[in-house]
Amino acid sequence: MTPKALAACEKYNMLENGGAVVAALSGGADSTALLHFLYSVKEKYNLTVYAAHLNHGIRGEEADRDEIFCKILCGKYNIPFYSKTVDIPALARQRQLSEELCGREERYAFLESLADELNAKIATAHNADDNAETLIFNLTRGSSLRGAAGIPPKRGRIIRPLIGVTRAEIEEYCRQNGLDFVTDSTNLGDDYSRNKIRHRVIPVLRELNPSFEAAVMRFTNSAADTADYLDIQACNALKNAESDCGYRADSLMSNHAAVLNAAINILLKKYNIQTDYKKLVLISDILKSGGAVELNRSFTAVCRRNVFCIAESVLSDEPEIELNGSVSFHFKGKRVTASINNSEKENKTLIFRTRREGDVFSFQKRNITKPLGKALREINVPSQLRGSVLCLCEGAAVLWCEALGYSEQGKKYVKSQKLTIELSEERCYDVTQGR
């Protein structure tokens with residue numbers, strides 16, 4: 001096991017000289033072997049090793065036994081030990097999640113908080129068997145190419161030194177080094193999807209190829225390389241398609257379908273929107289012919305007049321802030337700072353708000369006044385975004401609009417710097433910034 005784990009550490013630059021790492025420790029064979037491996041290479045890398053254990057509160061006395069085991073194990077090697085108990089069943093009901101998913105979220109949140117506190121990387125004990133199970137699980141759900149890449153050996157500060165090691169090799173490592181470990185009873189049954197794959201599917205595939213896990217590793221590595229290349233091409237495609245209000249649909253559609261789908265995936269991830277095949281098809285359709293697709297309760301994909309963007313749903317609690325002297329507030333990810341000399345207001349009320357029916361905008365030097373909606377349409381602001389444009393208004397007269405600047409009326413206030421308005425971002429509708 002050690003040579004494979006060391007090879008993974010070197011190949012993916014997992015461990016740095018003088019660094020620190022928090023090992024996720026459940027007490028099972030995998031995590032016990034991981035902790036022992038990190039301890040064994042402590043001198044080689046001048047490492048500071050910590051261990052963290054999350055008690056899920058699911059298995060009663062057995063869960064308490066596991067926590068005690070982990071604490072004793074860390075004491076044996078003089079490794080600082082951190083533990084936390086969370087009532088996962090109650091939390092899962094509250095969040096309307098499965099206990100498996102809720103436990104995963106809480107475990108990583110605990111590890112991330114410790115890593116922040118200790119300025120350390122996070123090591124998890126995912127191995128070659130886990131990688132094979134993940135691939136099969138993802139394929140049954142209609143995975144994308146990225147899902148076919150399995151478990152990444154390294155993701156941010158999360159490292160997985162045992163990713164190329166089989167579970168059989170881990171158990172042999174434990175025997176050779178006299179390492180005791182505990183067994184999670186929930187892994188013995190078939191209550192969870194992964195257990196069914198582990199107990200029923202993998203053995204059949206291993207009969208067809210005794211080196212099944214190694215074959216899967218070769219495949220997932222190849223898929224990961226291909227997915228990385230597609231992401232690079234997708235980022236270039238997005239950059240080339242950028243426009244002031246989003247992305248040019250014709251430019252996006254000029255790419256190969258694989259690159260286009262990767263580009264859409266990248267955009268959806270920026271908004272924490274879960275990607276699926278149906279969304280990809282619907283978005284591709286509106287890129288061709290225009291329209292809108294509701295992605296979730298918060299966001300809608302919109303394509304109008306060759307401009308594609310992901311629009312935030314208009315909220316009912318839009319701001320209505322009076323400009324009286326100086327104000328500073330946040331609006332949809334932007335910071336707005338404004339001031340006015342009150343002596344110039346002539347007892348008029350100036351309000352920051354979003355567009356309303358009847359608002360008009362008078363263009364400077366053109367001697368033209370138009371409905372604000374029409375003015376926004378002429379500069380290709382998508383319809384889904386027009387209702388959430390921030391304006392400074394005097395009644396129905398727009399003095400300033402974040403997409404258009406100052407109007408003829410607003411210019412009068414600006415003279416001699418009587419009125420100033422600043423946004424924290426130069427671009428008002430750069431969807432790549434995750435509004």
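This is a predicted model: local features need pLDDT of at least 70, side-chain atom pairs count only at pLDDT 80 or more; totals for chains, interfaces and linings use all residues.
**Nonpolar cores and cysteines**

Leu38 touches Leu15, Val21, Ala23, Leu47, Val49 and Ala123, leaving aside residues up to four places away in sequence.

Let me turn to the surroundings of Leu38. The largest nonpolar core has 36 residues, and those touching the most other members are Met1, Leu15, Leu35, Phe37, Leu38 and Leu162. Several elements each supply at least two residues of this core: helices H1 (2–11), H2 (29–40), H4 (61–76) and H9 (167–176), together with strands E1 (20–24) and E2 (48–55). Which helix gives the most to this core? The answer is H2, with six residues. In general terms, nonpolar side chains in soluble globular proteins tend to be buried together.

I come now to the cysteines. How many disulfides does the structure hold? The count is zero. Cys70 takes part in no disulfide, and its nearest cysteine sulfur, belonging to Cys74, lies 6.7 Å away. A pair would have to be within 2.5 Å to qualify. Is Cys70 buried or exposed? Cys70 is buried, at a relative accessible area of 0%.

Cys174 is likewise in no disulfide; for this residue the nearest cysteine sulfur is that of Cys70, 13 Å away. Cys174 is buried too, with a relative accessible area of 1%.

Methods:
Residues are numbered from 1 along each chain as its sequence is written. Side-chain values use heavy atoms; hydrogens and water are left out. Buried means under 20% relative accessible area, exposed over 50%, partly exposed in between (1.4 Å probe, protein chains only). A nonpolar core is a set of buried Ala, Val, Leu, Ile, Met, Phe, Trp, Tyr and Cys residues joined through side-chain atoms within 4.5 Å. Helices (H or I, at least four residues) and strands (E, at least two) are DSSP runs, numbered from the N terminus. Contact means heavy atoms within 4.5 Å.
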